[in-house]
Amino acid sequence: MAAVVRFFWHLPRNILIIVLKLYRRVVSPTYGQVCRFFPSCSAYALEAVTVHGAVKGGWFAARRIVRCHPWNSGGLDPVPSPATVDWDDPSMVPMIVQLNHPHVFLAKQQETQSRNAA
């Protein structure tokens with residue numbers, strides 16, 4: 001019963017993730033590297049929805065898309081970190097988060113590998 005409830009609870013988030021991944025695979029390559037932000041708007045939206053869920057992540061993504069216009073200088077714009085997530089183990093971190101924050105997770109991965117080797 002709990003698995004069914006969890007499935008329906010995460011269904012909107014999972015649908016948005018599928019749509020964003022399809023966009024990133026089909027539509028985004030036709031534009032090339034034109035985004036003035038890092039991470040790109042689609043990567044930002046995918047991370048926001050993955051980490052924060054459909055409603056809050058969708059709100060973050062919509063705010064980001066509104067800020068993406070020719071008069072904005074762009075730059076580094078990371079997704080706000082969730083207050084309740086602790087990602088000390090790099091294997092538990094979603095791949096999109098690792099890709100959008102390489103400086104954080106490469107250092108943690110190197111620390112973990114050096115501890116395992118010792």
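The structure holds zero disulfides, a disulfide being a pair of cysteine sulfur atoms within 2.5 Å. This is a predicted model, in which local features need pLDDT of at least 70, side-chain atom pairs count only at pLDDT 80 or more, and totals for chains, interfaces and linings use all residues. Residues are numbered from 1 along each chain as its sequence is written, and side-chain values use heavy atoms, with hydrogens and water left out.

C35 is partly exposed at a relative accessible area of 30%, where buried means under 20%, exposed over 50% and partly exposed in between, with a 1.4 Å probe and protein chains only. C68, at 31%, counts as partly exposed too.

I turn to the helices, which are DSSP runs of H or I with at least four residues, numbered from the N terminus. The axes of α1 and α2, lines fitted to C-alpha atoms over the stretch in contact, come within 9 Å and cross at roughly 165 degrees, on a scale from 0 to 180 degrees between N-to-C directions. The two helices are therefore roughly antiparallel, the term for angles over 145 degrees. Contact means heavy atoms within 4.5 Å; residues of α1 including I17 and L20 meet residues of α2, among them A43 and L46.

I17, L20, A43 and L46 also belong to the largest nonpolar core, which has 11 residues. Such a core is a set of buried Ala, Val, Leu, Ile, Met, Phe, Trp, Tyr and Cys residues joined through side-chain atoms within 4.5 Å. The largest share, five residues, comes from α2.

How values were computed. Angles under 35 degrees count as roughly parallel, over 145 as roughly antiparallel, 65 to 115 as roughly perpendicular and the rest as oblique.
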